[in-house]
Each structure stands twice: as structure tokens, then as C-alpha cells.
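Let's walk through this structure together, starting with some ring geometry and then moving on to a sheet. Keep the viewer open as you read.

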Amino acid sequence: MQELTCDLLVIGAGSGGLSVAAGASQMGADVVLLEGHKMGGDCLNYGCVPSKSLLASAKVAYGQAHASAYGVADQMPVVDYAAAKDHVQDVIATIAPVDSQERFEGFGVRVIRAYGRFVDDRVVEAGEHRITARRIVIATGSSPLVPPIDGLADVPYFTNETLFDLRERPDHLLIIGGGPIGMEMAQAHIRLGSKVTVIEGDRALGKDDPELAAIVLDQLRTEGIEIAEGAQAETIASTEGGGIRVTAKDGRVFDGSHLLMAVGRKANIDKLNLEAAGVETNRAGVVVDDSLRSSNRRVYAIGDVAGGMQFTHVAGYHAGVIIRSILFGLPSKAKTSHIPWATYTAPELAQVGLTEAHAREKHGDRLEVARFDYHHNDRALAERKSKGLIKVMVVKGRPIGASVVGHQAGELVALWSMAIANNLKMSQVAGMVAPYPTISEVNKRVAGAYFSPRLFDSPMVKRVVQFVQRWLP
């Protein structure tokens, strides 16, 4: 067993772990990075990158079949599902060097390709190495949650970790789970020629604003996706023809050729032996405080494994928070009020801060909601992408949340993240100038919608204007 010492040990080479390792090493810390599986973690290999790549193929196929509105003849796309998966793998391969072992060794990081296991509060064993570190960051991410549904173990099924290896297009894809992963893969596959049924035990896209989620769900149903809500899967079995049958608790039966499990995620903590380190855990992952420290003051947890919002950009944000604390000894705390998320269906669905329902529950009558519809945006009309809506929740003149559904919603919501992070006023957003015609004008127009009643419906404003006009030369 080789003995090593370092300033910082990072366990996990996903988005968060790589950001910490690169930043700390380049600023002079002695860093060891452990990764027992693939560099780049879930996002690069099984999550964000492959899913958005497959959605891009699906978008092209859909565009061919729906071109007549632009003066171009519709043409039924000839989809080569295996070639679409080649596109996915090519995108992964293009990005992979950025997350590669060689690149991080170039930063001065010692990379060990093995899983880490705590042996005490500051020592971790990995392969043939025993590492003693001043500070340790757990960045092991999450993996698909596969619930113990009766019969599931006896049938073949996919998760996001195996779906992108499938080369033959499913005839009829059953998806258990109506969250972002399930809905994105549903739309990708319906557009690539599969029949798709989504089986959701509660409400599809249930974490988002119901009014905006309904716009997405209507579009998905229009494209041919069957979305069964309130359908809690009770049993799963193979059928005589080699297919799969899912039976819900209420008796509904769904037959298909392939099954995708997309019901959620679980933190990757099982291999870590955290009890030996005195690190407290719960069902969500590692228990951390606002500074992302665990019950062991030497050990931090970031990203999915920290039990909070499970998004790649959150892991990157967490990395910045703890670098300040670990490298410079300065106080630094993580916040969630400005963290956005997006579902990359068409139309896209995005959120930052409080939804209208949560804002109303918290702030009551002090809440004002500004709204603006996409069909008043000229660029959206030109692109025939006018189905959409933005709502901004405002208290005392400052945004506390924004919900967006429509073309480029994931891009639009970034401005509201900045506004909330910096405690900006609606007047500052209204003061920006967006180029015409752009979808980004939606943000300025919703800020204008907030002020419109104050300017155009105010008797006081009218009296002041009339008074000034009498005296102006």
C-alpha cells in the first residue's frame, strides 16, 4: 500500500469534483483526485450531454416533418436510430478531452483511477493507495433510483446509464417517471419514430408551475405521447410476444416493447464507508451545513451527493463555494434562491426561485405576478415558436422567482438568476436594451408589464403629466 499525503483529496471526477480539483491545483494546492469509473461523471457520459444530443437529432427529424408552415415541403424523415446514437457518442467524444485524466494531470492533479473508501476521519484508501488529506471533498454524484416494483428484476429495462447504448429503435417505449428525464426521452423517441407511453404515479412535471407545465404536456400529447398520470406502477411482467407489461395500482395496463426507468436519483455513498469518517448521512445523501461541510469538519460534500438540487450547474456552483473556504479559510455559504433549472423539451420549461404557488404561500398579498405571452414577441412569431409564457414573481419591486415556458426558456431564465443573485430591482431589468427582434425581449417586456399599471393606469401619473404639459414651453 503506497502512502500519500495532500492538501486536498477529491473523490469523484464529475462536474463538481473536476471544478474543485482544477481550481485548487492551479492556485497552488496539492490535490489528489479519485475516480473509479468514467472521467466526466454522469453528465458527460449518461446525462446532460447525451440526452441533449439525442434531442437535437429528434429536433431535426421533427423539423423535416413540419416544414410546410415555412414554405418548405413536409417530408417524412428517414431515421437511422443507430446513426443518431453515433451522433450522441461523437458529441461525448468531442467533449471528453476537457474532462480527461491527461488534462487534469497537466494542471498538477494526481489522478488515481480507483474508488475511494474511508478508513478514518482523514484517511481514504483507493486501490493500492492510502491517502491522508488535510481536507476531503466528496463529489461522487448520483445514479438512477430503481424502486422495488414487483417483477422489475425479471424483465430487461433501461436507465439513463444504459439507454444510450441501445442501437435498435424501440417500437413502443414505456417510461416510468414523468420528470425531466422521462419527458425529454419521451419526446426524443416519439420524434425518432417510436411509440411512447409515460407512466407517472402523481403529476407529470410535478415540480414545475402547473400552468406552464400544462403547455409542455399539451404539446407532448399533440405529438402522440400517451401520458398516464396518477398511475402508480404496481407490477411489471414480460408478455408472450417478448414485450413488457406494466400494471398500475388502479388497474390500468400498459404494454410496450422496451422499458425505461426514470423515477429519480440516489446519492452515490454506498462504497465510501462514511461511518468510519464520522460523516452523517440521510436518505438524500451526505448531511451538510450551509458551507457544505459535513459532520466531519475536514470533509465537504458537493453536487448531487450533498442531498439538495441535483443539477450539473449546482455542482459547479458548489465547487466555487468550497474553494473559497478550503483554499483561503474564508467563510462561504451556498444559497439556492438563484439556482435555475430547465427541462429541454420543445417547448422548454425553466424555473428559478419561487414558483407562483410557493411565492403566494410565503408572501401572501405582498406578491405581484408579472406576465408576458410569447405570441406578443416578434421573433417568436417569425420563428413560429409563439407558444409560451413567462411569469415573474415580485415582492417590493424585486423578483423572487421566474417561470418560463417556450422557445429558449432555458436561456431566458439565466437573466432572472442573475437578478435574484444580485438582489436587483425590476426597474434595473426594465432598463436593459435587448436587440430587436430577439427572444430575449421577452424578459424586458415582462419587466415592462410589471410597470405598465403603475404608469398607464395611475390617475396620479396622468395628473402630473397634464400639469407639466401646461407649463412646458
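Start at phenylalanine 104, which counts as buried because its relative accessibility is 3%; buried means under 20% relative accessible area, exposed over 50%, and partly exposed in between, using a 1.4 Å probe and protein chains only. A word on ground rules: this is a predicted model, where local features need pLDDT of at least 70 and side-chain atom pairs count only at pLDDT 80 or more, while totals for chains, interfaces and linings use all residues. Residues are numbered from 1 along each chain as its sequence is written, and side-chain values use heavy atoms, with hydrogens and water left out.

Phenylalanine 107 comes out as partly exposed, because its relative accessibility is 22%. Now for the rings themselves. A pair of aromatic rings is described by the distance of the centres and the angle of the planes. The cut-offs here: rings of Phe, Tyr and Trp (its six-membered ring) pair if their centres lie within 6.5 Å, and planes under 30 degrees apart count as stacked, over 60 as edge-to-face and the rest as tilted. The structure has 3 aromatic pairs. One of them joins phenylalanine 104 to phenylalanine 107, edge-to-face, at 5.4 Å centre to centre with 85° between the planes. Tyrosine 450 and phenylalanine 451 also make an edge-to-face pair, because their ring centres are 5.0 Å apart and their planes stand at 80°. Tyrosine 450 is buried at a relative accessible area of 7%, and phenylalanine 451 is partly exposed at 23%.

For a charge to sit over a ring, NZ of Lys or CZ of Arg must be within 6 Å of the ring centre and within 35 degrees of the ring normal. Arginine 191 lies over the face of tyrosine 62, 3.8 Å from the ring centre, and lysine 271 lies over the face of tyrosine 115 at 4.8 Å.

Next, the sheet. Helices (H or I, at least four residues) and strands (E, at least two) are DSSP runs numbered from the N terminus, and two strands pair if DSSP finds at least two bridges between them. What is the strand order in the open sheet of 4 strands? It reads S10-S9-S8-S14, with parallel pairing. Strands S10 (226-228) and S14 (258-261) are at the edges with a single partner strand each, so one side of each has no neighbour in the sheet. From one strand to the next, the twist averages 20°, with axes taken as lines fitted to C-alpha atoms, for helices over the stretch in contact, and angles running from 0 to 180 degrees between N-to-C directions.

Look at S8 in detail. 5 of its 5 residues are buried. In a regular strand the side chains alternate between the two faces of the sheet. Here His172, Leu174 and Ile176 point one way, while Leu173 and Ile175 point the other way. S8 runs parallel to S9 with 5 bridges joining them, and isoleucine 176 has isoleucine 199 as its bridge partner in S9. The chain gets from S8 to S9 through H6, in a right-handed β-α-β crossover (with the strands pointing away from the viewer, the path from the first strand over the helix to the second runs clockwise). S8 is also joined to S14, in parallel, by 4 bridges, and leucine 174 stands opposite leucine 259 in S14.
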